[in-house]
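Subject: Structure handover

Hello,

Here is the structure for your files. My notes on it follow below.

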Amino acid sequence: MNGKEFRYLIAGEYHHEIIPKGFKVVEIPALTFAKFRCVGPMPEALQTVYTRIFHQWLPENKEYEIAAGYN
């Protein structure tokens with residue numbers, strides 16, 4: 001979150017399986033998360049959903065904030 005890079009995560013539960021080369025396990029702290037559907041060709045679909053989240057959803061839902069650098 002230094003403003004110079006964007007780390008994209010695809011996550012799932014880890015049950016101590018063998019980790020493929022190039023992958024790593026990252027422990028994400030227990031928080032409350034909002035989940036959004038993103039459908040369509042990339043990168044446009046991701047850009048569209050991010051715009052809606054940051055310009056519409058977050059401002060309209062004051063009880064939520066970005067925490068721990070995960071979004």
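Helices (H or I, at least four residues) and strands (E, at least two) are DSSP runs, numbered from the N terminus. The model is predicted, so local features need pLDDT of at least 70, side-chain atom pairs count only at pLDDT 80 or more, and totals for chains, interfaces and linings use all residues. Residues are numbered from 1 along each chain as its sequence is written, and side-chain values use heavy atoms, with hydrogens and water left out.

The protein chain has one helix and zero strands. Its radius of gyration (over C-alpha atoms) is 15 Å, well over the 11 Å that the globule rule (2.2 Å times the number of residues to the power 0.38) gives for 71 residues, so the chain is more spread out than a compact globule. Along the principal axes, the C-alpha atoms fill a box of roughly 40 × 30 × 25 Å.

Of the 71 residues, 7% are buried. Buried means under 20% relative accessible area, exposed over 50%, and partly exposed in between (1.4 Å probe, protein chains only).

Gln 56 is in helix H1 and is partly exposed, at a relative accessible area of 39%. Gln 56 and Ala 68 are 12 residues apart in sequence, and their C-alpha atoms are 21 Å apart in space.

Leu 9 lies in the segment before helix H1 (44–60). Leu 9 is partly exposed too, with a relative accessible area of 40%.

Among contacts (heavy atoms within 4.5 Å) with a separation of 6 or more, 38% are between residues 24 or more positions apart.

Regards
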